[in-house]
Amino acid sequence: MIKNIRRAAMTAALLLVPFAAPAPASAHAQDRSLDTYTVPMTTSVQLLPVAAEVRDGYERTSFKHWNAGRIPSDGCNTRAEVLLAEAVDRPEVLPGCKLSGGRWWSYYDSKWLTSASALDVDHMVPLAEAWDSGASQWTAQRRESYANDLAVNPSLVAVSAASNRSKADQDPAEWLPPTVEVACHYAAEWISTKLRWGLTADAAEREALTQLAEACPTTTVTYEPAP
């Protein structure tokens with residue numbers, strides 16, 4: 001009941017405010033696939049297969065992260081590469097890829113952060129949720145690719161540690177960013193990631209995304225199927 005009330009309030013709020021994209025936008029994706037699809041959010045939700053979630057056997061270590069990133073020889077792992085790419089003011093890179101200074105925008109909670117240690121790099125669809133939604137059937141190599149996906153923007157996002165830990169492994173039926181104005185963008189990135197990796201949605205999640213899509217009539221979802 002509480003979730004339904006909160007979702008209804010969120011929907012009403014979204015209908016009253018224009019879409020607000022995160023500012024500034026992240027830019028860590030570089031590789032682009034030829035198979036890129038853009039569809040209305042309402043259509044994208046219908047593309048998500050519905051299936052019950054199964055947590056059996058999940059361990060965070062089943063997803064190797066962070067790995068050596070795009071350039072193993074530079075000493076910067078995937079987390080550091082996301083932080084460098086999404087920095088509004090670029091930090092100084094010290095030996096061992098330690099980051100000093102810099103400035104970041106956490107779009108979940110609309111906060112500026114000036115220390116790399118204050119940020120988490122969030123898996124848009126958390127590792128546990130991915131496991132529940134189909135990744136339990138993947139090879140270890142594919143799970144590592146998922147956990148270190150630098151090829152598209154939505155997969156990994158630098159946000160405040162507080163907001164990421166508030167989200168934990170919850171899906172949009174259970175958690176949405178505290179900044180109401182970015183809910184459309186967040187939901188689009190969630191759907192994009194699930195479609196990219198062929199993940200399913202449970203019934204409550206699909207219903208929450210359907211309601212969000214109805215409240216975000218001008219929002220589109222762009223996704224590129226993972227190799």
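Student: Is Thr179 buried or exposed?

Tutor: This is a predicted model, and the values are computed from it. A residue counts as buried when its relative accessible area is under 20%. Thr179 has 12% relative accessibility, so Thr179 counts as buried. It lies in the loop between helix H6 (161-167) and H7.

Student: Which residues does Thr179 touch, not counting those up to four places away in sequence?

Tutor: Thr179 touches Tyr107, Tyr108, Asp109 and Ser110. With Ser110 there is also a polar contact of 2.9 Å between the side chains.

Student: How many residues of H7 are buried?

Tutor: An α-helix has 3.6 residues a turn, so residues three or four places apart point the same way. In this structure H7 is mostly covered, with 14 of its 14 residues buried. Just after H7, Gly198 takes a positive phi of about 65°.

Student: How many disulfides are there?

Tutor: Two cysteine sulfur atoms within 2.5 Å make a disulfide, and by this rule the count is 2 disulfides. One of them joins Cys184 and Cys216, with sulfur atoms 2.1 Å apart. This pair links distant parts of the chain: Cys184 is in helix H7, while Cys216 is in the loop between helix H8 (203-215) and strand E8 (220-223), 32 residues apart. Both Cys184 and Cys216 are buried.

Student: Is the disulfide of Cys184 and Cys216 right-handed or left-handed?

Tutor: Look at the torsion about the S-S bond. For Cys184 and Cys216 it is about -85°, so this disulfide is left-handed.

Student: What is the torsion for Cys76 and Cys97?

Tutor: Cys76 and Cys97 form a disulfide with sulfur atoms 1.9 Å apart. The torsion about their S-S bond is about 100°, so the disulfide is right-handed. Here too the pair links distant parts of the chain: Cys76 sits in the loop between helix H2 (41-46) and helix H3 (78-86), and Cys97 in the loop between strand E2 (92-94) and strand E3 (98-100), 21 residues apart. Cys76 counts as buried because its relative accessibility is 6%, and Cys97 counts as buried because its value is 11%. With the bonded cysteines numbered in sequence order, the pairing is 1-2, 3-4.

Student: How many aromatic pairs does the structure hold?

Tutor: The structure holds 14 aromatic pairs. One of them, Tyr58 and Phe63, is tilted, at 6.5 Å centre to centre and 55° between the planes. The rings of Trp138 and Trp197 have centres 5.6 Å apart and planes at 40°, so that pair is tilted. Trp138 is in the loop between helix H4 (127-132) and helix H5 (140-147), and Trp197 in the loop between H7 and H8, 59 residues apart.

Student: Which residues form one aromatic cluster?

Tutor: Tyr58, Phe63, Trp131, Trp138, Tyr146 and Trp197 form one aromatic cluster. Phe63 counts as buried because its relative accessibility is 1%, whereas Tyr58, at 22%, counts as partly exposed.

Methods
Residues are numbered from 1 along each chain as its sequence is written. This is a predicted model: local features need pLDDT of at least 70, side-chain atom pairs count only at pLDDT 80 or more; totals for chains, interfaces and linings use all residues. Side-chain values use heavy atoms; hydrogens and water are left out. Buried means under 20% relative accessible area, exposed over 50%, partly exposed in between (1.4 Å probe, protein chains only). Helices (H or I, at least four residues) and strands (E, at least two) are DSSP runs, numbered from the N terminus. A polar contact is a pair of N or O atoms within 3.5 Å; within protein, one must be able to donate a hydrogen and the other to accept it, and residues adjacent in sequence count only if both atoms are side-chain atoms. Contact means heavy atoms within 4.5 Å. Rings of Phe, Tyr and Trp (its six-membered ring) pair if their centres lie within 6.5 Å; planes under 30 degrees apart count as stacked, over 60 as edge-to-face and the rest as tilted.
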